[in-house]
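Me: I would be grateful for a close look at one part of this model, with attention to side chains, backbone and packing. Please set the answer out as one connected account.

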Amino acid sequence: MRLGLVIYGSLETMTGGYLYDRKLVEHLRQSGDTVQVFSLPWRGYARDLTDSPISGWIDGLTAARPDLLLEDELIHPSLVRVNRHIRRRTGLPILSIVHHLRSSEPWPRLSKILYRRVERQYLRGVDGWICNSRATLTAVRELAGDDRPSVVAPPAGDRLGPGLSAEAIAARARRAGPLRIVFVGSLTPRKGLHTLLAALSEVPPESWTLTVIGGDRWDPAYASRIRQRIAGSSGLERVQLLGEIGDSELAARLASSDLLAVPSAYEGFGIAYLEGMAFGLPAIASSAGGAGDLVRDGETGFLVDPDDIAGLARVISTLAADRGALARMGLAARRRFETQPGWAASSAQIRSFLTNSAFRASEAQKLYSVRNPGGVP
């Protein structure tokens, strides 16, 4: 197959969504397919909505003559109006890779109305959806108001190697000292680091440490507020901000931690939770979205409602005080990791979906003509 993939920025960006796209591209190329990546600048939602169909990358897409076009759904504001022009010019089937919907996140009322309207129009203008969880697919179907060819291909957690053995996990839980907590995620409001810091302020400071791993480029103002909060609080001296780190250092940090805590406002899946489970880390995860596919509350971790500071403080205190429970949950988390297919299997599932005859250009064009008379999405 010859494929195009449209994304914002670099495929090497260190987030879960870009990791998913990157692993898929690697698998497709290893399988003998040609994948050409088209990168658009990320300028902010309002400006992205003004992107023009008269663009050099579309000339490159036309010249590449792919069999179908993949789009990371993150790029929807730039393509919601442009996709119909791509159709007219190339006749390509278009499939969207959906990690989670922007409109599923908590936003002020008017912003949420705008995001829902734009994403609905975008989702109705493509031929199929590739989703990372059942929760994401459900959200996509409900917003689009219909159904079309789709596949749920969950991410994997084997990027960082084999993780820890059961013996090492049990021994780690018995060691003396504070509960070593790790947060892995971009410094953005959605990931909930501010909620975690607020909860830790209610837990005796000698009973925990926190290591924060993640980049600050996505929302510099939020990251600045986080730094100011840490510096200005007498109860947060045990917080260490590492920024972005490489895979080998990340694996070492997970191996030396006791608990992964990322209390997001919403997660489509949560690759960090699964990668932590490879190292026997129970996960404190969001109850909103698809994390429940991974985290069984009270068994492999805890599902906490967004902004539930008291509930978050309670489960941290529980694990800090009960190392037997920490060991049991860590071992259960490791067993859950072992049941998850690897990246190769997940990507192969997507490739099988892509080779389905339903996505021949002629069929896609007929589908588009029926759903969009006059070329209006």
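Me: Please begin with Asp307: is this residue buried or exposed, and where in the chain does Asp307 lie? Please then continue to the helices and the aromatic side chains.

Reply: The model is a predicted one, and every value below is computed from it. Asp307 has a relative accessible area of 54%. Because the cut-off for an exposed residue is over 50%, Asp307 counts as exposed. Its place is the loop that runs between strand 12 (301-304) and helix 13 (309-321). Most residues other than glycine have a negative phi.

Arg65 is found in the loop between helix 3 (56-64) and strand 3 (68-72). With a relative accessibility of 60%, Arg65 counts as exposed.

Helix 13 packs against helix 14 (residues 323-338) at an angle of about 100 degrees, and the two axes are 5 Å apart. Angles of 65 to 115 degrees count as roughly perpendicular, so helix 13 is roughly perpendicular to helix 14. On the side of helix 13, the contact is made by Leu319, Ala320 and Ala321. Helix 14 contributes Arg323, Ala325, Leu326 and Met329. By class, the contact of helix 13 with helix 14 comprises 6 nonpolar residues and 1 charged residue, with no polar ones.

Another helix contact involves helix 1 and helix 15, which pack at an angle of about 70 degrees with their axes 9 Å apart. These two helices are therefore also roughly perpendicular to each other. Helix 1 brings Leu19, Tyr20, Lys23, Leu24, His27 and Leu28 to the contact. The residues they meet in helix 15 are Trp343, Ala344, Ser347, Ala348, Ile350, Arg351 and Leu354. In the contact of helix 1 with helix 15, 9 residues are nonpolar, 2 are polar and 2 are charged.

The aromatic side chains come next. A search of the whole structure finds 6 aromatic pairs. One of them joins Tyr20 and Trp343, whose rings lie 6.0 Å apart centre to centre, with 80 degrees between the planes. Because planes over 60 degrees apart count as edge-to-face, this pair is edge-to-face. The pair links distant parts of the chain, with Tyr20 in helix 1 (residues 16-30) and Trp343 in helix 15 (residues 343-354), 323 residues apart. Tyr20 has a relative accessibility of 2% and counts as buried. Trp343, at 6%, counts as buried as well.

Trp107 and Tyr115 form another edge-to-face pair, at 5.1 Å centre to centre and with 70 degrees between the planes. Trp107 counts as partly exposed, at 28% relative accessibility, whereas Tyr115 counts as buried, at 9%. Tyr115 has a further neighbour in Arg102, which lies over the face of its ring at 4.4 Å from the ring centre. Tyr115 therefore counts as buried, is paired with Trp107 and has Arg102 over its ring face. Elsewhere, ring pairs link Tyr8, Trp42 and Trp218 into a cluster.

Key
Residues are numbered from 1 along each chain as its sequence is written. Side-chain values use heavy atoms; hydrogens and water are left out. Rings of Phe, Tyr and Trp (its six-membered ring) pair if their centres lie within 6.5 Å; planes under 30 degrees apart count as stacked, over 60 as edge-to-face and the rest as tilted. Helices (H or I, at least four residues) and strands (E, at least two) are DSSP runs, numbered from the N terminus. Buried means under 20% relative accessible area, exposed over 50%, partly exposed in between (1.4 Å probe, protein chains only). A charge sits over a ring if NZ of Lys or CZ of Arg is within 6 Å of the ring centre and within 35 degrees of the ring normal. Axes are lines fitted to C-alpha atoms, for helices over the stretch in contact, and angles run from 0 to 180 degrees between N-to-C directions. Angles under 35 degrees count as roughly parallel, over 145 as roughly antiparallel, 65 to 115 as roughly perpendicular and the rest as oblique. Contact means heavy atoms within 4.5 Å. Ala, Val, Leu, Ile, Met, Phe, Trp, Tyr, Cys and Pro count as nonpolar, Asp, Glu, Lys and Arg as charged, and the others, Gly among them, as polar.
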